Amino acid sequence: MVLYYFRERIKGGVVVIRVVVLGSGFGGIEAVLNLERHFRKREDVELVLISNQNYTLFTPLLPQIVSSYIEPRHIVQTIRDIRRDRRFRFIRDRVIGIDLEKKVVRLLEGWISYNYLIIALGSTTNFFNIPGASEYTFSLKTLEDAVELRDHIIDILEHADHEENLDLKREMLTFAIVGGGYTGVELTAEIRDFIYRQAVKNYRGIDFGDVRIVLLEAASEILEGVDPYIAKKAKGKLLKEGIEVRTGARVTRCFRGGVEINNRDILRAGIVIWTAGVRANPVLDSLGVRKGEFGRILVNGYMQIPEFPEVYVIGDSAFVEGDKLRRSSQPVAPVAIEQARVAAKNIVNAIENRSFEEYSFSPSGMLVSLGMNDAVIRVGRIRLAGFIAWLLWNALHLLKLVGLKKQIQVAVDWMLAMVFPRDTAIIRFPRRCFICSGRAELYRDLENYKQERGL
Ligand SMILES: Cc1cc2nc3c(=O)[nH]c(=O)nc-3n(C[C@H](O)[C@H](O)[C@H](O)COP(=O)(O)OP(=O)(O)OC[C@H]3O[C@@H](n4cnc5c(N)ncnc54)[C@H](O)[C@@H]3O)c2cc1C
């Protein structure tokens with residue numbers, strides 16, 4: 001292991017100003033590209049991007065990886081390809097701590113000092129301390145999560161295909177999605193498409209009626225807080241497709257093979273997926289600064305930590321002070337991108353002694369995909385549902401993908417999926433499958449639990 005230490009650099013007798021950006025997601029990439037555009041010709045400013053991944057991930061298409069609609073590599077773009085001849089340095093390493101007093105970032109392989117810092121480390125799944133949730137459910141935050149989930153869904157189809165006990169087969173073929181936000185809704189629609197349109201045809205031992213897809217939402221409606229038109233259309237479509245939408249259903253415990261709802265009901269399920277919320281990256285937990293909801297760092301309108309004005313926090317890691325309606329702090333990509341632009345601009349302003357720009361943002365629309373050939377969108381006053389909305393959804397997402405090569409690859413994937421069956425090859429060993437691990441008896445765990453509790 002190489003340990004590196006980046007201290008201050010001096011060039012021609014002048015101390016080089018170092019701006020470090022942490023995270024290569026929507027916020028981090030936008031910030032470093034904006035900074036680079038401005039400082040391209042300034043030798044006395046050094047830009048460093050640090051991330052644990054050597055790519056940037058287009059998260060809105062993750063549900064389509066789960067449903068084998070598109071290929072995993074097609075929704076990521078490597079940092080080296082994005083950088084080309086741009087003048088910033090990239091270090092692939094994991095941030096393990098930040099010392100705000102000493103202005104140093106600690107990495108797995110060393111440390112680096114900074115003059116200005118942008119924290120864009122995103123978020124992780126929020127399990128809300130529900131017992132068993134982190135152990136027994138699948139998340140959908142990273143590319144690995146999506147590939148792992150896809151493989152486990154196919155794996156369960158393979159096992160269920162030759163299961164002779166009908167009750168057990170139906171239990172295995174129950175898919176529970178926890179969280180009726182837009183990720184949960186889009187994922188539910190994708191899983192439904194994958195299973196009913198493609199998989200059921202290929203697995204002769206599985207009947208249409210054996211499969212059950214259940215969307216569990218603790219609130220009284222799915223897509224709460226989103227446009228009521230979108231919420232109504234989405235719910236109508238899911239119900240029409242035979243998906244059980246259970247609102248007012250708070251998951252209170254998770255087990256191997258099922259969940260407990262409202263401290264009472266048990267839902268047995270072969271796969272449980274948790275999309276019920278996000279919390280700030282755990283690296284931020286140890287920072288002794290004020291936090292907003294779910295561990296997100298409180299920032300002022302310039303995106304700075306007020307006590308450390310050389311440190312900017314953006315995207316899912318940040319919560320804008322005074323944002324009572326949570327509109328300007330929503331954990332969505334356009335917010336991260338706009339905050340990145342403001343943070344980069346204000347670092348330029350600070351270095352060039354100009355006055356600061358304040359962040360303000362109001363989302364211009366909302367798009368929710370409802371599987372193949374269907375979506376619902378609201379952009380300004382325009383509201384659309386159905387095939388045209390689906391085409392627009394596709395076009396907008398294609399445009400937002402970084403790089404022509406990726407845009408072509410995804411477009412081709414979509415076209416191929418219209419003609420050919422989706423790929424159902426298991427490409428990684430399903431390490432969380434206890435049948436594959438030779439521990440099939442663990443299916444009985446839930447039975448034991450029920451007996452213990454007299455349920
Ligand atoms: C399945 C899914 C679907 C979504 N769909 C949409 C959508 O349709 N529309 C929308 O607007 N938003 C969507 N989002 C939300 C959107 O992805 C986030 O709001 C956005 O990515 C936040 O940007 P960010 O820069 O703050 O964080 P991220 O984009 O998450 O980037 C965080 C970066 O930090 C890096 N990192 C994390 N920890 C470390 C560490 N310790 N050391 C070094 N690097 C680290 C990560 O590798 C990553 O590069 C979706 C999210 C998910 C999970």
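Why does the ligand lie between domain 1 and domain 2? I will start there, and please keep in mind that this is a predicted model.

First, the domains. The domain assignment gives domain 1 as 4-52 + 93-125 + 279-351, and domain 2 as 133-276 + 366-452. Their C-alpha centres are 34 Å apart. Both domain 1 and domain 2 contribute residues to the shell around the ligand, so the ligand lies between them. That answers the opening question.

Now the shell itself. The ligand is surrounded by 30 residues, and the closest are Gly23, Gly25, Gly27, Gly122 and Gly315. By class, the shell residues comprise 13 nonpolar, 14 polar and three charged.

Next, a sheet. Three strands form an open sheet in the order β18-β19-β20, and the pairing is antiparallel. Which strands stand at the edges? They are β18 (251-255) and β20 (265-268). Each has a single partner strand, so one side of each is left without a neighbour in the sheet. On average, neighbouring strands here are turned by 20° against each other, direction ignored.

To pick out a residue pair on the slide, take Val251, whose bridge partner in β19 is Ile261.

To recap: the ligand lies between domain 1 and domain 2, since both give residues to its shell, and the sheet I described is open, with three strands.

Conventions. Residues are numbered from 1 along each chain as its sequence is written. This is a predicted model: local features need pLDDT of at least 70, side-chain atom pairs count only at pLDDT 80 or more; totals for chains, interfaces and linings use all residues. Two strands pair if DSSP finds at least two bridges between them. Helices (H or I, at least four residues) and strands (E, at least two) are DSSP runs, numbered from the N terminus. Axes are lines fitted to C-alpha atoms, for helices over the stretch in contact, and angles run from 0 to 180 degrees between N-to-C directions. Domain bounds come from an automatic or database domain assignment. A residue is near a molecule or strand if its C-beta atom, placed from the backbone, lies within 6 Å of it. Ala, Val, Leu, Ile, Met, Phe, Trp, Tyr, Cys and Pro count as nonpolar, Asp, Glu, Lys and Arg as charged, and the others, Gly among them, as polar.
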